[in-house]
Amino acid sequence: MLKAHGHILLVLLLVFSSHGFTQVKNSETEISVHFSNTKLENVLKELSEKTGQKFSYSTNTIPANFEINYTAKKESFENILNEICKQAGVSYENVGGYLVLKKADEIIQETEILKAKKFTISGYIVDSKNQEALIGAAVYNEETNQGTTTNNYGFFSFTLPEGNYSIKTSYMGYDVASKQVELYNNFRWNIKLEPTASMMQEVVVSSFNREKLISNQLAAQTNIKPFAVKQQTAALGETDMLKSLDNLPGISFQSDGSSYFYVRGGNRDQNLILLDEAPIYNPSHMLGLFTPIIPDAIKNTTIYKADFPIQYGGRLSSLIDIRTRDGNMEKFSGSSSIGLVSARISVEGPIKKEASSFFTSFRRSYFGVLVKAGYPKVKDFYFNDFTSKFNLRLGKKDRLFLTLYNGKDILLTEETVNNKSGLEWGNTSFTTRWNHIFGSKLFLNTTFYASKYDYFLHTDYSKNINWNSHISSAHVKSEFTWYLNPNHKIYYGLKLGRYYFNPGNYNDPKLPSGLTVSPINSGESILYVGNEYQFSENLQLNAGLRFTSWRNFGEGFVVNYTDYQPIDTNNYKKDEKYYSNLSVEPRISISYKLTDFSSLKASYNRTLQHINLINNSISPFNSLEVWLPSGPNIKPQKADIINLGFIKSWPAHDIDFNVDVYYKKLYNQIGYKYHAKTMLNPFLDGELRQGDGKAYGFEVYARKTQGRITGQVGYSFTRSLIQIDDLNDGREFKARQDRPVDFSLGLSFLAKPRWLLTANFSYSSGARISSPTSFYFYRGVQVPVYTEQNNDRMPDYKRFDIGTDFKLNKKEGNFEHHLVISFYNFFNTHNPGFLYFNKVAAANGDLKVPADKLNYQELSPSTRYVYTMVPSITYNMKF
């Protein structure tokens with residue numbers, strides 16, 4: 001393969017190699033050539049194809065257009081090469097398998113570059129239309145083949161020797177921009193990229209950008225843009241970023257109508273969902289039919305299933321990092337949507353042009369109106385979301401971001417006059433982030449965030465009598481990124497925080513004594529340092545350490561157990577510490593570039609989790625949830641994760657391909673004793689059992705990102721096993737999230753410039769369940785007997801969806817509106833969400849709950865599904 005390398009890279013290669021006229025690969029190979037007025041660049045390409053020898057050179061330092069006249073028959077490759085180099089006035093060195101070509105007198109000159117002064121180019125890359133920061137945009141110099149990508153705030157920094165350079169920038173969906181730079185001092189360049197003009201926003205990405213993304217991408221990392229989510233068919237037309245993750249291999253939802261999802265065989269509480277750094281503890285609306293976070297508010301989503309960035313921790317299975325839009329600094333604009341379930345509106349604009357902006361989005365459901373019409377006892381049934389963000393530039397080196405999110409669900413019924421009862425839950429988060437640049441190489445981000453989740457089971461809504469479970473947290477962290485040079489970055493930071501847990505208490509003055517569950521206060525301190533180093537053009541190493549200190553303190557009480565039987569309690573005063581844990585989490589990953597557009601990835605992570613979701617329900621819908629931290633009776637969960645990956649891209653066809661193989665060793669996994677009581681139980685932690693587990697599997701994923709036909713296809717095999725001494729007679733059993741087959745296919749076809757067709761297909765193994773192994777009769781009633789845990793499966797899941805997006809306006813302008821029609825579960829497949837063993841078969845074949853207690857009647861299994869075929873229509877507009 002013929003490649004162009006710049007001066008700096010050549011010198012680095014030369015430094016780590018021996019000088020001299022070294023031996024040529026396949027030097028004795030005899031070949032025949034005929035060159036007549038053939039450019040040197042084409043000559044080298046032909047020699048490379050015939051011998052497999054790779055060349056490295058810069059067109060600025062050798063006469064690439066020099067015409068060669070030479071003929072040889074069955075001559076050694078080395079003699080042919082020497083003669084051609086003599087004609088062109090160049091020499092070569094063997095460096096790491098490459099033949100590095102230079103002018104004959106230039107090898108010595110190149111070493112002087114190392115002594116040259118170096119300066120830094122830094123700045124921000126934003127969208128020219130609204131000045132939204134672009135995450136992962138590339139900045140590079142083609143001559144040296146050096147560059148970098150922007151961080152989560154659109155900032156970049158890279159260093160070159162003094163001189164004149166052509167610097168280019170590129171980002172998916174945007175035109176490539178370039179600038180001639182005379183680099184004789186540190187240079188600040190804030191770049192505005194122009195979006196590619198296209199109705200459906202076809203992706204445009206430079207070859208360097210794609211090469212850099214492949215090189216920098218961590219193992220098991222996926223980036224999702226909002227536009228890709230909006231192209232996917234959704235239940236009842238509700239575009240849903242989190243539900244769209246079902247199309248990614250290794251991520252599976254429990255069933256239709258559920259927001260519970262599992263990643264690579266881990267439990268559902270092992271997924272960390274961040275909205276502008278703040279955690280979202282319960283991602284569900286309408287009992288799980290939908291998830292929170294308005295799609296229009298999202299700028300970028302990154303999913304990590306292994307090889308977690310050193311800045312993040314606290315969960316074992318995945319990190320879902322959602323970044324919201326900054327707001328348009330140039331002009332006022334907005335969007336709105338009206339569907340069958342809800343309506344939403346978003347507005348954004350400058351507070352002070354090019355200095356500050358805001359973004360606000362609101363969504364409210366009205367589906368409850370139909371429910372109340374059919375069920376008069378339902379008095380309130382709705383959800384809403386509110387997202388707001390402020391973005392302020394405080395100067396050339398400082399930026400401030402404020403984000404507020406609130407989501408709420410309520411379902412109330414009136415069984416008797418003036419007595420409402422029902423469910424209510426909601427998430428609230430607030431984030432303040434301050435960015436500061438020290439010089440041109442050190443970037444600081446300081447964040448304060450607070451988040452809370454409440455779940456209420458109301459027994460008398462008007463009198464505020466309810467059962468309440470609560471978790472809240474507040475943290476402050478400072479993290480630094482030090483851009484030493486284009487090949488070396490260092491990350492380090494400190495994070496301090498506190499948690500408050502209410503594991504479920506009933507707020508009623510008449511409550512009998514002895515039913516209070518102790519609240520828990522916790523604190524954590526985290527220190528981390530990470531190193532990203534490019535050893536060579538092909539080899540990159542990421543390594544780091546996280547140090548976590550966890551503490552529990554009063555006011556509260558702790559129950560002491562012997563063989564899970566409570567024996568006494570210890571009471572602790574406010575701020576009195578009674579538990580602490582110090583842990584170290586090493587992380588390392590290696591990326592080896594095979595070609596410009598393919599690489600191998602290998603990583604090892606140790607991760608720790610101190611907060612645990614306590615819920616032994618197998619219902620797919622949102623149910624009573626309790627959060628508990630690790631402590632004297634609950635060991636922290638821990639995982640060792642190994643991941644091997646291969647990434648390949650075909651830029652000419654805009655196709656990306658990934659394969660990952662992984663193994664996770666899990667420690668202190670939580671299970672429940674049989675018939676555990678998790679509500680209003682002061683001895684809640686005594687109901688828990690812990691043991692070890694493992695998960696392993698592989699994933700295959702391919703996607704096409706440009707052209708009239710785009711889409712993705714994925715397949716994963718997931719095996720998840722748990723062994724807990726007090727469960728299943730101590731035998732290892734398959735976890736509920738064990739899925740040996742999970743296949744998804746999504747296609748989009750741009751039939752006409754304003755007409756987009758979409759189709760999605762999903763097929764997966766059913767969730768593991770415990771089914772009866774035998775039955776016995778007692779007083780005329782057949783009673784099931786369970787002797788094995790998760791010994792069976794629900795039926796396989798399959799679904800096919802189709803949809804269309806039609807742009808209504810023919811001319812481009814500030815106003816744009818679309819009509820989206822979709823058919824979710826087009827073939828009306830009845831995918832069971834529930835399985836029962838409480839009915840008998842009647843004479844006509846119908847299944848009914850038995851009323852005859854005098855005669856023995858065999859029970860028959862029955863199922864209930866959530867969705868039939870669901871048509872929907874949605875109207876979207878931008879203004």
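The side chain of histidine 436 reaches the backbone oxygen of lysine 397 at 3.5 Å, a polar contact (a pair of N or O atoms within 3.5 Å; within protein, one must be able to donate a hydrogen and the other to accept it, and residues adjacent in sequence count only if both atoms are side-chain atoms). The model is predicted, so local features need pLDDT of at least 70 and side-chain atom pairs count only at pLDDT 80 or more, while totals for chains, interfaces and linings use all residues. Residues are numbered from 1 along each chain as its sequence is written, and side-chain values use heavy atoms, with hydrogens and water left out.

Let's stay with histidine 436 for a moment. This residue lies in strand β27; strands are DSSP runs (E, at least two residues), numbered from the N terminus. Its relative accessibility is 15%, so histidine 436 counts as buried (under 20% relative accessible area; exposed is over 50%, partly exposed in between, with a 1.4 Å probe and protein chains only). Not counting residues up to four places away in sequence, histidine 436 touches Lys397, Asp398, Leu442, Phe443 and Leu444, where contact means heavy atoms within 4.5 Å.

The largest nonpolar core has 28 residues, and Ile611, Ile614 and Trp627 touch the most other members. Such a core is a set of buried Ala, Val, Leu, Ile, Met, Phe, Trp, Tyr and Cys residues joined through side-chain atoms within 4.5 Å. Strands that each supply at least two residues of this core include β27 (419-438), β28 (442-460) and β29 (465-485). Apart from it lies another core of 23 residues, with Leu47 and Ile80 among them.

Now for the rings. The structure holds 27 aromatic pairs: rings of Phe, Tyr and Trp (its six-membered ring) with centres within 6.5 Å, called stacked if the planes are under 30 degrees apart, edge-to-face if over 60 and tilted for the rest. Here are two of them.

| Pair | Centre to centre | Angle of planes | Class |
|---|---|---|---|
| Tyrosine 455 and tryptophan 467 | 6.4 Å | 70 degrees | edge-to-face |
| Phenylalanine 698 and phenylalanine 717 | 5.9 Å | 15 degrees | stacked |

Tyrosine 455 lies in strand β28 and tryptophan 467 in strand β29, so their pair ties together parts twelve residues apart in sequence. Tyrosine 455 is buried, with a relative accessible area of 1%, and tryptophan 467 is buried at 1% relative accessibility. By contrast, phenylalanine 698 is partly exposed at 32%, and phenylalanine 717 is partly exposed at 22%.

Technical notes:
Helix = DSSP H or I, 4+ residues; strand = E, 2+ residues; numbered from the N terminus.
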